[in-house]
Amino acid sequence: KPKSPPDFLKDLNEQQRRAASHTHGPLLIVAGAGSGKTRVLTYRIAYLLQQHHALPKQILALTFTNKAAREMQERIQNLIGEKASGLWMGTFHSIFSKILRFEAEKIGFDSNFSIYDTTDSQNAIKLILKELNYDPREIKPKTIHRKISDAKNQLILPGAYQSRFVHSTLDDITAKIYEIYQIRLMQANAMDFDDLLIRPVQLFQEHPDVLEKYQDRFKHILIDEYQDTNHAQYKVTKLLADKYENICVVGDDAQSIYSFRGADIANILNFKNDYEDATEVPLEQNYRSTKYILQCADSVIKQNEKQIEKTLWTDNDEGDTVTLLENFDERDEANRVVNHINNLKLQHGYQNNDFAILYRTNYQSRIFEEALRRKGIAYQLVGGLSFYQRKEIKDVLSYLTLLVNPEDEQALLRIINEPSRGIGNKTLNDILKKARKERRKVWNIIQNVEEADLYKPAKAKIGEFVEMINNLRNELESGTSILQVTKKMMEQSGYMKALVEENSAQALTRRDNVLELQNAIAYFQQNNSNPNLANFLQEISLITDTDKYDEDKPAVTLMTVHASKGLEFPAVFIVGLEENLFPMGPRDGEEANTEEERRLFYVAITRAEKHLFFSFSKMRYRFGEEHRQARSRFLDEVDPGIVRTESGSTIRQKDRKNSSTNESSSYDQKIEYDWKQPLQSKNSKSSTGDFQYEYDDDPFHAGTHVMHPTFGPGKIIRRSG
Ligand code: ATP
Ligand code: MG
């Protein structure tokens, strides 16, 4: 029974309200950045529930990160209370892996299938290359994987690949490998990331009854960031929505930045063809940014040829002009960005987490990390090599994976002789050969190792290994906690012992990391009513870069522009705006895609609420050599009326210490200090307008303002010790 309209609709403007209270039939929202698309999606779910148009379990909401799903869930909870539990919300990968676990048997998998990450996939491909006598140094597993992944995202299966793509030798090799790779995955009871999207399509197409079950279940489907869906994602949601057509997609074609992963703007453009009676609601008011920032974003994006016409305006203040920092080199750049952060904190009372430094590629973070550390400013690095990708962590996870899915060949090969237990390469090769020849699973062979024709001592070792895994699995199944079993496994396998005995600094760090993983397991156990190892492993394998961003952590955020999608910060620094960096030039044999780079720049600009900085360096170390850099063409496209340029010093950083000349820069180098040295903030403005810190004999007395490496600025209240 529908109820009277809820109070919370008053948090929305007229257009947003119209979209949020649309209850049936296809709905398309194409709108600019910061216009409340995500907010509307959230409110619409709350509205559907509150008005009894759907039960929580009948709503499927697909977001681009797990974090976005969690936030939406919380927000809905706040709007309507307990009625919000039981929603299906998450990334495509996490939602569909959940469905696949229920239905795995129907397409020839076991419900405990493993998820191969990129490394596992590439290793599996490398093995196949070797078996076919190709040299993996010449034919790169990474390249083949990429080609296979592209094909999968377009729903091109091995059989069709031959006819679609075989133009070059590389295509020919890819076709062969793709076919074997899919068989290997199946034998290992494993799916790679792309399979999590294409296997559901297969499932639904081959089993209309299963499809109908889920069509009836998910009466309402909502998708955020629709411009970044690929063909497989399009297809699977189209299938699910076919019966009721209650599908709502929101997106911004100007923010499509994942075409390298197969994202296809056509999905958004074709929505109205697919659903002829689709309702379209525009959202035109931006709530996020100042007028100048919007004007800046607009001047950039309108250089792109293809885009959907949209209006975007804001009622917010005009704000500050955009600042462009011209730097001598990347160190200069990092120092000046950090100085600006300090200044903004002092002028406006901002906290560390009000700032984001956005760059094009992960390796750019290092110099900023150093500069922030030197100034004692806490930061969080989002992305880069993840904790879960570290060797020792992947080792332990492989052990754990075998307890859930012993058929996982990559996990098995990774740790069967790690730590070394006398099962050499020769033995492993013999086992692999036998497995391929007899078309058997590797696990099947080593389980029946007695009958195999192998080196005797190795046989005994394999026997012990299999027994250990089997025993631990029995323990797990009989109810011993995941943490207990993990600890036992680390002991019985000799893994911890090997790290302790190695006793190098590196080994000790590894041991600490393994202990940290145990903490993660303990946390998982405590926070799940029915903790299950398969779920733990799945959760880990589907973490996205952005998921690691914690907005409440009192730290400056460092991330790539890609990871910043959907987020917002009071002050944003877009750094490294140089040709061949941002925009990225051609690489890995791929052509440059300037329109997509420009959309990426647009995404970066529109993350900013109040303060926006651009910066570039004239010199930069790249690949171990110093390069002269040209400023990004994008900077010339920005409306010049709203940009103020600040030139830095023309003197090389390392020469500056000796130079007693007046600094031409408005950025006094005296602001630099080593936090280990005693220092004192005079809390007064220098002639150039910056704060200065000066050395003192014994500065640490009560009342002194200090800068602490971890806690930031503060005042000494009392001295002791
Ligand atoms: P993006 O394109 O970057 O994903 P978006 O269109 O999804 O942006 P939101 O993130 O939903 O935009 O909203 C941008 C900001 O504006 C958020 O802080 C949101 O809370 C705020 N906002 C949106 N609509 C309103 C409104 N009607 N009143 C007040 N604040 C709003
Ligand atoms: Mg959004």
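At what angle do helix α22 and helix α24 pack? Keep that question for the second stop.

**Before you start**

This is a predicted model, in which local features need pLDDT of at least 70, side-chain atom pairs count only at pLDDT 80 or more, and totals for chains, interfaces and linings use all residues. Residues are numbered from 1 along each chain as its sequence is written, while chains are lettered from A and ligands numbered from 1 in the order in which they are written.

**Stop 1: confidence**

Colour the chain by pLDDT (the predictor's confidence in each residue, from 0 to 100). The chain's mean is 89, and 92% of its residues reach 70 or more. Now select residues 650–695, where pLDDT is below 50. Beyond near neighbours in sequence, this stretch has 67 contacts in the model. A contact means that the C-beta atoms of two residues, placed from the backbone, lie within 7 Å. Where pLDDT is low, the predicted coordinates should not be read in detail. For the complex, the predictor gives an ipTM of 0.99 and a pTM of 0.86.

**Stop 2: α22 and its partners**

Helices (H or I, at least four residues) and strands (E, at least two) are DSSP runs, numbered from the N terminus. Select α22 (residues 482–492) and α24 (residues 505–526). They pack at about 160°, with axes 9 Å apart. Axes are lines fitted to C-alpha atoms, for helices over the stretch in contact, and angles run from 0 to 180 degrees between N-to-C directions. Therefore α22 and α24 are roughly antiparallel. Under 35 degrees counts as roughly parallel, over 145 as roughly antiparallel, 65 to 115 as roughly perpendicular, and the rest as oblique.

The crossing of α22 and α24 is right-handed. A crossing is left-handed if the near helix is turned anticlockwise from the far one by less than a right angle, and right-handed if clockwise. Show I482, L483, T486, K487 and M490 of α22 against V514, Q518, I521, A522 and Q525 of α24. This contact of α22 with α24 has 6 nonpolar, 3 polar and 1 charged residues. Here Ala, Val, Leu, Ile, Met, Phe, Trp, Tyr, Cys and Pro count as nonpolar, Asp, Glu, Lys and Arg as charged, and the others, Gly among them, as polar.

Look for M468, L472, E475 and L476 of α21 meeting V485, K488, M489 and Q492 of α22.

**Stop 3: α4 and α9**

Select α4 (residues 92–103) and α9 (residues 195–206). Their angle is about 45°, and their axes are 9 Å apart. That makes α4 oblique to α9. The crossing of α4 and α9 is left-handed.

**Stop 4: ligand 1**

Which residues come nearest to ligand 1? Select G36, K37, T38, R39 and Y287, out of 17 around ligand 1. A residue is near if its C-beta atom, placed from the backbone, lies within 6 Å. The shell divides into 3 nonpolar, 9 polar and 5 charged residues. Helix α2 (residues 37–50) gives the largest share, 3 residues.

**Stop 5**

Most residues other than glycine have a negative phi, and most peptide bonds are trans. Select N133, in the loop between α5 and α6. N133 has a positive phi of about 65°. Next, find the cis bond from E418 to P419, with omega near 5°. Finish at F582 and P583, joined by a cis peptide bond with omega about 10°. P583 lies in the loop between β15 and α26.
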